[in-house]
Amino acid sequence: MPEAMLFEKLSGSRVRCGTCQWRCSINPGRFGVCRMYQNVGGTLQNLSYARVSSMTADPIEKKPLFHFFPGTQAFSVGGWGCNFQCRGCQNWQISSVRNHNQAYGAREILPEQLIELTERNNCQGIAWTYNEPGIWFEYTLDGARLAKEKGLYTVYVTNGYLTPEALDIIGPYLDAWRVDVKGFTDSVYRRLARITHWREILEVAERAKTKWNMHVEVITNIIPTLNDDDEQLQGIARWIHDGLGELTPWHVTRFHPQYQMTELPSTPIATLEHAYDIGRAAGLRFVYLGNVPGHESESTVCYSCGKLVVARSGYQTNVVALNGSKCGYCGAELGFRMPGGGGHND
Ligand code: SF4
């Protein structure tokens with residue numbers, strides 16, 4: 001079990017974890033909120049290092065990342081547990097694990113093996129996904145360092161709850177930050193994720209972009225009656241525009257009833273289209289509907305000349321006309337990151 005990178009020693013052998021924004025204060029022998037860090041004799045240890053729950057080669061579009069190495073495969077790997085408790089979690093079988101022994105008994109894939117698997121599966125990069133990557137931070141850091149040595153791209157699919165100091169440690173080795181923004185009020189975050197302090201999620205996403213030049217895309221899973229009102233949607237859209245820039249993609253995805261939210265219906269398509277209109281009205285150039293196969297908004301159309309530049313259907317992607325980060329027809333900046341280093345920098 002590796003020692004955590006970010007913790008401070010407190011009186012009485014207690015420790016404070018600095019990995020995520022919970023900043024848990026943990027008594028000897030006890031665990032943090034995520035259950036994957038434990039105070040062992042006055043130091044903090046990560047219990048889930050390299051203990052993999054799931055891994056597979058996935059289209060990068062499935063993360064979803066639409067403006068980042070389009071059409072490539074990302075070796076996608078997940079661990080156990082979470083620092084949020086979302087009632088509608090799509091991956092609750094692994095994220096709801098509260099017993100670190102389940103993680104500790106799982107298969108071990110060391111960072112070197114992760115790189116080998118990525119290359120053997122003909123993937124161009126690694127995505128830490130399925131559960132929150134921040135709760136096995138040391139593992140993702142070791143993997144990301146090795147991946148960059150091998151010329152692979154690196155992606156965090158995250159709820160955004162990493163602390164700024166943790167971000168600053170892994171920032172040099174991460175290329176993309178796919179962050180979930182669930183709503184724009186305290187009450188929504190409390191109801192959806194049992195989180196009360198959420199605004200630092202926005203600051204950390206802005207820091208990922210401005211300080212570390214990561215490619216950032218935002219996702220909001222729209223859940224009927226919970227976060228489908230205009231206050232939430234306008235708040236998110238305006239923040240993306242002002243904080244991250246008009247070229248930042250916003251994925252508004254369809255909720256389906258599952259886990260502890262089986263009483264709610266699937267999101268009506270009209271609600272998602274309304275969110276699309278809100279995003280566009282806020283000045284966002286790219287709003288994509290998710291979990292709606294075949295919808296016309298899956299593809300990328302240049303906002304300047306109106307031509308199709310990337311065609312998508314499900315997870316089939318065809319790059320029609322890109323020149324690096326720009327439209328291949330008119331040269332408008334579209335904010336793509338491309339293999340070979342072509343990419344947009346503000
Ligand atoms: S990573 Fe886990 S232990 Fe550390 S602050 Fe977050 S929830 Fe607490």
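Trainee: How far apart do the C-alpha centres of domain 1 and domain 2 lie?
Mentor: The C-alpha centres of those two domains lie 25 Å apart. Bear in mind that this is a predicted model.

Trainee: And where are the domain bounds?
Mentor: Domain 1 covers 7–46, domain 2 covers 54–297 and domain 3 covers 299–346.

Trainee: How many residues of domain 1 are in contact with domain 2?
Mentor: On the domain 1 side there are 11, in contact with 19 residues of domain 2. By class, the domain 1 side has 6 nonpolar, 4 polar and 1 charged residues.

Trainee: Switching to the ligand. Which residues surround it?
Mentor: The ligand is surrounded by Cys 17, Thr 19, Cys 20, Trp 22, Arg 23, Cys 24, Gly 32, Val 33, Cys 34, Tyr 37, Asn 83 and Ile 135.

Trainee: How does that shell divide by class?
Mentor: It divides into 8 nonpolar, 3 polar and 1 charged.

Trainee: Now helix 4. What span should it have, and what do its end C-alpha atoms give?
Mentor: Helix 4 runs over residues 137–149, which is 13 residues. At 1.5 Å a residue it should span 18 Å, and the end C-alpha atoms are 19 Å apart, so the two agree.

Trainee: Which of its residues are buried?
Mentor: Phe 137, Glu 138, Tyr 139, Thr 140, Gly 143, Ala 144 and Ala 147.

Trainee: What is Leu 146 in contact with, away from its sequence neighbours?
Mentor: Leaving aside those within four places in sequence, Leu 146 is in contact with Pro 111, Glu 112 and Ile 115.

Trainee: And what follows the helix?
Mentor: Gly 151 follows helix 4, and its phi is positive, near 75 degrees.

Trainee: Last topic, the largest nonpolar core. Which residues touch the most other members?
Mentor: Ile 126, Val 155 and Trp 177, out of 101 residues in that core. Helix 8 (residues 230–244) supplies the largest share, 5 residues.

Trainee: What does Ile 126 contact beyond four places in sequence?
Mentor: Its contacts include Gly 143 and Ala 147, both listed among the buried residues of helix 4.

Note on methods:
Residues numbered from 1 in each chain as written. Predicted model: local features only at pLDDT ≥ 70, side-chain atom pairs only at ≥ 80, totals over all residues. Helix = DSSP H or I, 4+ residues; strand = E, 2+ residues; numbered from the N terminus. Expected span 1.5 Å × (residues − 1). Buried ≥ 20, exposed ≤ 12 C-beta atoms within 10 Å, placed from the backbone. Near = placed C-beta within 6 Å. Nonpolar A, V, L, I, M, F, W, Y, C, P; charged D, E, K, R; others polar. Domains from an automatic or database assignment. Contact = placed C-beta atoms within 7 Å. Core = buried A, V, L, I, M, F, W, Y, C linked by C-beta atoms within 7 Å.
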